[in-house]
Amino acid sequence: MTEPTAVADPAPLTRRWGSVAGIAGAVVVVALSWALLEASPGRLSDAERTVFSAANAAPDAVATALWPIMQLGTFWVIPVVAMVAWLVWNRPAPALTAALAGLAAWAAAKLGKVVVDRGRPSAFVDATVREAGLSDFGFPSGHAAVAFALATALAPWLGPRWRYVGYALASVVAVARLVVGAHLPLDVVAGAAIGVGVGLAARLVVGVPDARS
């Protein structure tokens, strides 16, 4: 699962530029998502409506099955993941990276909601809402942002197979937000992009395992 001999070192120049390019790409995705929703009549395109309706039409049993995985995008999972990372790798770097990325993603999503001021799905369509307390705005998805931030932050510390598992779980979190009627498609796309971007930024700040180890 892990690379036991890895040590936290600043990323080599090529890897740093790769992270910078990834951050720039994430910014573009967020900006494009925002532009698309602003350009749509009533801030909801037919494509978004179709995708959301298909996911939201899933049976209640599917929403129930996805609920535990969806918690990987909550605020309180951030300290839990950070503590587990410290215990697993017995070093502060992965824990610090996860905590920094998760908190930054959560804060960025909160700020984005206020700036964009887009309602939840029920404000646009006849949605089946399976989550209580949805009183704030929808764009971007904080759950998707946190889940992808944690997956990105810990990816260098995981073996190749477990990296895929991390991103797969984050993707399930994003889809689950549609199923429970909490977010529209562009909400989760922008949230995922924010998560990847801040995850890469956290890796640049803290450092990643030496690839030669």
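Biologist: In this predicted model, which residue meets the side chain of Asp 60 in a salt bridge?

Modeller: A salt bridge here needs a side-chain nitrogen of Lys or Arg within 4 Å of a carboxyl oxygen of Asp or Glu. For Asp 60, the N to O distance in the bridge is 2.8 Å. The partner that brings the nitrogen is Arg 130.

Biologist: Is Asp 60 buried or exposed?

Modeller: A residue counts as exposed when its relative accessible area is over 50%. Arg 130, the salt-bridge partner, has 25% and counts as partly exposed. Asp 60 has a relative accessibility of 51%, so Asp 60 counts as exposed.

Biologist: Now to another pair. What is the distance between the closest N and O atoms of Arg 118 and Glu 48?

Modeller: These two form a salt bridge, one of five found in a search of the whole structure. Both Arg 118 and Glu 48 are buried. Their closest N and O atoms are separated by 2.6 Å.

Biologist: Where does Glu 48 lie?

Modeller: Its partner Arg 118 is in the loop between α5 and α6, and the pair ties together parts 70 residues apart in sequence. Glu 48 is in a helix made of residues 46–56, namely α2.

Biologist: Which residues do salt bridges with shared partners join into one network?

Modeller: Start from the bridge between Arg 118 and Glu 48. Salt bridges that share partners bring in Asp 187 as well. The network is made of Glu 48, Arg 118 and Asp 187.

Biologist: Is Arg 177 buried or exposed?

Modeller: Arg 177 lies in helix α7 and pairs with Glu 131 from the loop between α5 and α6; their side chains meet at 2.5 Å, N to O. Glu 131 is partly exposed at 24%. Arg 177 has a relative accessible area of 1%, and under 20% means buried. The word for Arg 177 is buried.

Biologist: Let's turn to the pockets. Which helix supplies the largest share of the lining of the largest pocket?

Modeller: This pocket holds about 460 Å³ of space. Its lining has 20 residues, and those closest to the centre are Val 81, Leu 154, Leu 158, Gly 166 and Leu 169. Helices α4, α6 and α7 each give at least two residues to the lining. The largest share, seven residues, comes from α4.

Biologist: How many residues in the lining of the largest pocket are charged?

Modeller: Sorting the lining by class gives 19 nonpolar residues and one polar residue. The number of charged residues is none.

Biologist: How many charged residues are in the lining of the second largest pocket?

Modeller: The second largest pocket has a volume of about 300 Å³ and a lining of 19 residues, with Trp 106, Lys 110, Arg 120, Asp 136 and His 143 nearest its centre. Helices α5 and α6 each give two or more residues to this lining. By class there are six nonpolar and seven polar residues, and the charged ones number six.

Biologist: Which residues make the nonpolar surface patch?

Modeller: The patch covers about 310 Å². One member, Trp 162, is found in helix α7 and is partly exposed at 42% relative accessible area. The patch is made by Leu 72, Trp 162, Val 165 and Leu 169.

Biologist: What is the phi of Asp 117?

Modeller: Most residues other than glycine have a negative phi. Asp 117, in the loop between α5 and α6, has a positive value. Arg 43, in the loop between α1 and α2, also has a positive phi, of about 65 degrees. For Asp 117, phi is near 60 degrees.

Notes:
Residues are numbered from 1 along each chain as its sequence is written. This is a predicted model: local features need pLDDT of at least 70, side-chain atom pairs count only at pLDDT 80 or more; totals for chains, interfaces and linings use all residues. Side-chain values use heavy atoms; hydrogens and water are left out. On a 1 Å grid over the protein atoms alone, a cavity is a set of points where a 1.4 Å probe fits but cannot get out, and a pocket is an open set with protein on both sides within 12 Å along at least five of seven lines; lining residues have an atom within 4 Å of a point. Grid points are joined across faces, edges and corners, and a volume is the space filled by probe spheres set on the points. Helices (H or I, at least four residues) and strands (E, at least two) are DSSP runs, numbered from the N terminus. Ala, Val, Leu, Ile, Met, Phe, Trp, Tyr, Cys and Pro count as nonpolar, Asp, Glu, Lys and Arg as charged, and the others, Gly among them, as polar. Patches are made of residues with over 30% relative accessible area and no salt bridge: like charges are joined within 9 Å, nonpolar side chains (Val, Leu, Ile, Met, Phe, Trp, Tyr) within 5 Å. Accessible areas come from the Shrake-Rupley method with a 1.4 Å probe; for residues, only the protein chains shown count as cover. Buried means under 20% relative accessible area, exposed over 50%, partly exposed in between (1.4 Å probe, protein chains only).
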